[in-house]
Amino acid sequence: MLLQLVHHVSGMVTYQRALYAIFLLAWAMVLSIAAAYCTGTYFITRRKVSNLCRVGLSRSNMDDQYNSKYALPEGQRSHGATRIKAIFIHPVKSCAPIEVERAILTKGGFQYDRAYAFAVDSGPDTLQFISQRTKPQMSLIQTELWLPGPTSNKNDAMVQAGGCLILTFPDPESPSILKRISTVCETRSLNATSSYSFIIPLSPPTKLEMKPFAIHHRTAHGLDMSSIPSVAAALPKLKKFLGYPPSRTLRLFKCTTDTLHRTDRNLAPLANIGTPAVHGYTDQQPVNINSVSSVHALSACLPEENKPLNALRFRANLWLTGAPAYDEDSWKRCRIVSPSRPPITLSVVCRTSRCPMTNVDPSKGEFTTQKPDDGKRMGKPQPSTTLKEYRTVENGNKAALGYIGMHAVPEDRDLKDASLSQLTLLISVGDTIEVLERGIHLYGSTGNDY
């Protein structure tokens with residue numbers, strides 16, 4: 001009987017030890033998850049912007065872009081108003097955009113649009129901007145804009161910097177177990193890819209050097225942001241993500257009001273715009289507009305495997321609905337009308353000539369093609385092949401892979417009136433478009449000097 005009692009007590013002790021071991025293991029897992037989450041770049045960056053407000057929409061106004069109700073055929077008479085369906089800004093050239101409900105229009109385009117650009121060394125002491133033309137994975141670099149709010153703590157470093165951008169991209173390094181746990185916590189998905197986030201202050205506290213770099217055939221200038229600690233720490237990982245060896249130089253530049261570039265081709269009449277047009281790191285003009293109907297019309301011409309065509313491949317600022325396909329091709333001046341704000345007039349200066357960047361699927365960061373023809377290993381690039389076939393509607397730019405969308409310039413009159421009234425020029429989703437003048441466009445026809 002004594003022996004039975006000993007066995008019984010031993011069993012209880014073993015059971016209690018097992019429970020205690022399970023408790024310790026569970027507690028260790030909780031601590032590991034907490035440590036992984038709190039040391040991840042996602043948590044660190046969000047903690048630093050706790051006094052800021054994120055700018056942007058949680059649900060896109062373009063979610064229903066494929067709906068056939070927007071497919072107004074070319075030449076068909078519209079029975080309703082032309083309206084702004086969606087507004088996008090692209091703070092970092094060739095990275096993912098931010099969709100907003102309203103945006104401030106300035107002389108140089110929309111505030112924060114194409115205000116930053118990455119560049120790599122292209123020779124001794126020379127730097128060349130990079131884009132999705134050669135690095136399609138740049139479309140996967142997600143962009144967030146955070147700005148101070150009315151209740152933000154004015155002593156906070158990010159508030160004093162005027163806000164910041166957060167860039168997030170897939171981490172090219174093999175993730176550790178802690179990193180995997182952190183990713184699951186951040187995304188609430190077991191299949192999510194690990195990512196890396198870093199902060200770019202809008203107004204850095206330290207003095208930065210102004211440097212030149214090339215955008216296509218012109219020399220641009222900007223503040224070299226690469227020495228900012230958060231940027232400097234991210235650049236080696238970003239180089240690896242973009243496929244550059246460690247020996248290459250990768251830098252981030254910021255455009256300032258002093259480095260805006262004067263437009264030197266497809267010039268709007270000074271009688272309309274007042275003073276010469278300027279722009280930041282856009283390719284040519286300060287504002288780009290496009291029509292969902294036009295994208296539907298182009299999509300209808302694509303091979304079946306390439307349908308439907310995502311309008312966001314064309315990276316416009318303003319997306320319009322209500323006008324027939326390609327109606328915007330003949331616009332010379334248009335007015336944006338809001339029920340609560342003064343109207344804003346744009347001079348529409350030329351069609352947007354397209355390059356291979358439209359072939360990038362922005363959701364995958366990859367070039368897309370059609371199915372290969374019999375006997376061929378590679379399919380033709382799309383949608384540029386179809387664009388060139390159906391939308392080479394002029395010969396102003398010999399290198400163009402077709403034309404879709406229009407470039408536009410703000411007019412000084414509205415900017416001055418707003419300044420005198422101590423107001424900003426705001427454009428909002430739902431504003432209507434009135435066409436004031438129509439005419440014929442030919443890319444490059446206005447010469448290179450005002």
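Strands (E, at least two residues) and helices (H or I, at least four) are DSSP runs, numbered from the N terminus. Two strands pair if DSSP finds at least two bridges between them. This is a predicted model: local features need pLDDT of at least 70, side-chain atom pairs count only at pLDDT 80 or more, and totals for chains, interfaces and linings use all residues. Residues are numbered from 1 along each chain as its sequence is written, and side-chain values use heavy atoms, with hydrogens and water left out.

**Stop one: S18.** Select residues 331-337. A hairpin of 6 residues leads from S18 to S19. S19 spans residues 344-353 and is antiparallel to S18, with 4 bridges. Pick Arg335: its bridge partner in S19 is Thr345.

**Stop two: Ser384.** Go to helix H8, residues 384-390, where Ser384 is found. Ser384 is buried, at 5% relative accessible area (buried means under 20%, exposed over 50%, partly exposed in between; 1.4 Å probe, protein chains only). Show its contacts (heavy atoms within 4.5 Å). Leaving out residues up to four places away in sequence, Ser384 touches Thr358, Asn359 and Leu401. Arg354 is 30 residues from Ser384 in sequence, yet their C-alpha atoms are 7.9 Å apart.

**Stop three: H9.** Select residues 412-420. Asp412, Asp414, Leu415 and Ala418 are buried. They lie on the same side of H9, because they cover an arc of only 165° around the axis (directions from the helix axis to the C-beta atoms). Lys416 and Leu420 are exposed on the other side. The cover over the buried residues includes S19 and strand S22 (403-410). Finish at Gln422, after H9: its phi is positive, near 55°.
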